[in-house]
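Please read them beside the coordinates.

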Amino acid sequence: MMRDRSRIASATLFPTDHPLPADAMIGREDDVDRVAMALLGGVNTVLAGPRRTGKTTVADAAMAICSGEGAYVAAVDIFQAPDAAAFARQLTLQLLANRPPLRRAIADALHAGRSVLEALRTTAGYRAREDLGQDIEITLELSLAERDPQSALLTALALAQRLADSDERRVVLFLDEFQDIASKRFGDREALTRQIRAVLQRSTGVSVLFAGSIEHLMRDLFAPSDRALSQFGSFHELAHITPEEWTTGLRRRLGLDNTTITADALAHLIELGEGHPRATMLLAAQSHLTSIEELSHEIDNAMVVQALDRALGAERLRHEQQIERIRSAGRYSERLAIRVATGSELYAGLRPEQAARALNSLRDIGVINHGPRPGQWFLTDPLLHRYLAARPIAGVDR
């Protein structure tokens with residue numbers, strides 16, 4: 001069957017594997033405004049929650065507001081940084097790119113594979129030593145940064161305040177997957193977080209948005225009184241996207257392709273997505289794709305039922321990869337993940353410490369999270385929940 005080329009691609013209407021642009025966001029407008037206003041007001045903010053639930057989308061939209069209000073902004077995904085030297089270099093480049101001549105010089109140098117430092121040295125108006133400090137060179141010269149990576153990182157963080165002072169702008173940093181700062185690749189956690197706080201608490205012109213996908217690790221960094229970053233950021237909990245917001249948002253997105261959805265089909269889709277942003281968007285995308293294949297501009301309930309099967313099929317490889325991660329988390333982790341998915345007795349046949357260790361391991365890799373009642377757990381991804389509940393595994397009881 002030939003595809004109607006006048007239709008908008010389903011993945012364009014409902015992207016699932018990267019942060020959404022602000023105009024595609026469904027719900028969360030209040031979250032964006034509150035986070036942005038806090039940062040512009042000088043309040044450090046902590047966003048914590050499972051992956052693929054919209055944190056980065058909210059953070060990006062808040063950063064865009066800050067930029068629109070005249071603030072300098074810089075964002076680094078710490079998960080992507082192999083070490084402190086790379087983190088330092090990326091943060092420095094992001095900060096310097098707030099000055100238009102430097103932004104062009106950096107982009108040209110990276111595109112041509114040339115030394116960024118040399119490109120900046122020859123850029124009109126750039127005075128590394130007089131303007132931003134002689135030690136900035138160690139964060140841009142990789143060999144120097146690798147000799148003393150933590151010093152390079154602290155210099156990069158201090159650069160934010162230098163820019164704030166020099167250009168009389170508020171500087172807003174977005175440090176994504178910040179819980180990774182505690183990993184071994186960044187060195188001693190306690191020493192590094194003490195140094196980070198020492199630099200940032202003197203940076204009165206700098207606000208930081210710390211985001212992380214493993215909530216208990218983020219709380220362990222910022223909540224206990226004996227931690228260096230204790231109370232250094234105010235936790236912001238993302239609001240649940242309501243069924244009404246999903247109804248309005250999904251109809252609006254479908255309307256861009258002149259497509260409608262029946263009331264019962266839309267209610268069923270939202271119920272299947274369980275409020276999880278990525279799962280709901282994936283189900284919407286598969287429903288829309290079915291409408292294209294059937295040459296229809298209306299989605300009915302049968303298409304939504306079919307979309308669930310298609311979504312599970314599309315996620316099969318990802319789910320198999322997650323099973324491998326679950327197995328690698330510990331001896332009883334797969335058994336406990338299946339029990340959480342099926343609502344079975346968690347501790348049956350296991351010593352309490354064995355079950356607790358397995359549950360904590362699953363929490364540590366972001367597969368499960370605490371429910372509202374003590375001792376209650378849930379799968380963070382509703383599609384993985386369905387996959388585990390339906391998948392027979394030889395030798396693993398429920």
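1. The second largest pocket holds about 590 Å³ of space. Of the 22 residues lining this pocket, Arg-28, Pro-50, Thr-53, His-240 and Phe-378 are the closest to its centre. Its lining takes at least two residues each from β9 (377-379) and α20 (382-390). By class, the lining of the second largest pocket has eight nonpolar, nine polar and five charged residues. Here Ala, Val, Leu, Ile, Met, Phe, Trp, Tyr, Cys and Pro count as nonpolar, Asp, Glu, Lys and Arg as charged, and the others, Gly among them, as polar.

2. Some conventions apply throughout. This is a predicted model, in which local features need pLDDT of at least 70 and side-chain atom pairs count only at pLDDT 80 or more, while totals for chains, interfaces and linings use all residues. Residues are numbered from 1 along each chain as its sequence is written, and side-chain values use heavy atoms, with hydrogens and water left out. Helices (H or I, at least four residues) and strands (E, at least two) are DSSP runs, numbered from the N terminus.

3. Grid points are joined across faces, edges and corners, and a volume is the space filled by probe spheres set on the points.

4. The largest pocket has a volume of about 1000 Å³. Its lining consists of 40 residues, with Thr-16, Arg-51, Arg-52, Thr-53 and Arg-278 nearest the centre. The elements contributing two or more residues are α3 (55-68), α15 (277-293) and α17 (316-328). Of these, α17 gives the most, with four residues. The lining of the largest pocket divides into 15 nonpolar, 13 polar and twelve charged residues.

5. Helix α13 (residues 243-255) and α15 have axes that come within 12 Å and cross at roughly 40° (axes are lines fitted to C-alpha atoms, for helices over the stretch in contact, and angles run from 0 to 180 degrees between N-to-C directions). That makes α13 oblique to α15, since angles under 35 degrees count as roughly parallel, over 145 as roughly antiparallel, 65 to 115 as roughly perpendicular and the rest as oblique. The crossing is right-handed; a crossing is left-handed if the near helix is turned anticlockwise from the far one by less than a right angle, and right-handed if clockwise. Trp-246, Leu-250 and Leu-254 of α13 touch Pro-277, Thr-280, Met-281, Ala-284 and His-288 of α15, where contact means heavy atoms within 4.5 Å. This contact has six nonpolar, two polar and no charged residues.

6. α15 also packs with helix α16 (residues 301-314): their axes come within 8 Å and cross at roughly 115°, in a right-handed crossing. Residues in this contact include Leu-282, Leu-283 and Gln-286 of α15 and Met-303, Val-304 and Gln-306 of α16. By class, there are nine nonpolar, five polar and two charged residues.

7. Helix α4 (residues 84-96) and α10 pack at about 15°, with axes 7 Å apart. The two helices are therefore roughly parallel to each other. α4 passes α10 in a left-handed crossing. Among the residues that meet are Ala-84, Phe-87 and Leu-91 of α4 and Gln-150, Leu-153 and Leu-157 of α10. The contact divides into 15 nonpolar, two polar and no charged residues.

8. Gln-150 lies in helix α10 (residues 149-167). Gln-150 and Ala-88 are 62 residues apart in sequence and 8.3 Å apart in space, C-alpha to C-alpha. Leaving aside neighbours within four places in sequence, Gln-150 is in contact with Ala-84, Phe-186, Gly-187, Asp-188, Leu-192 and Gln-195.

Key: On a 1 Å grid over the protein atoms alone, a cavity is a set of points where a 1.4 Å probe fits but cannot get out, and a pocket is an open set with protein on both sides within 12 Å along at least five of seven lines; lining residues have an atom within 4 Å of a point.
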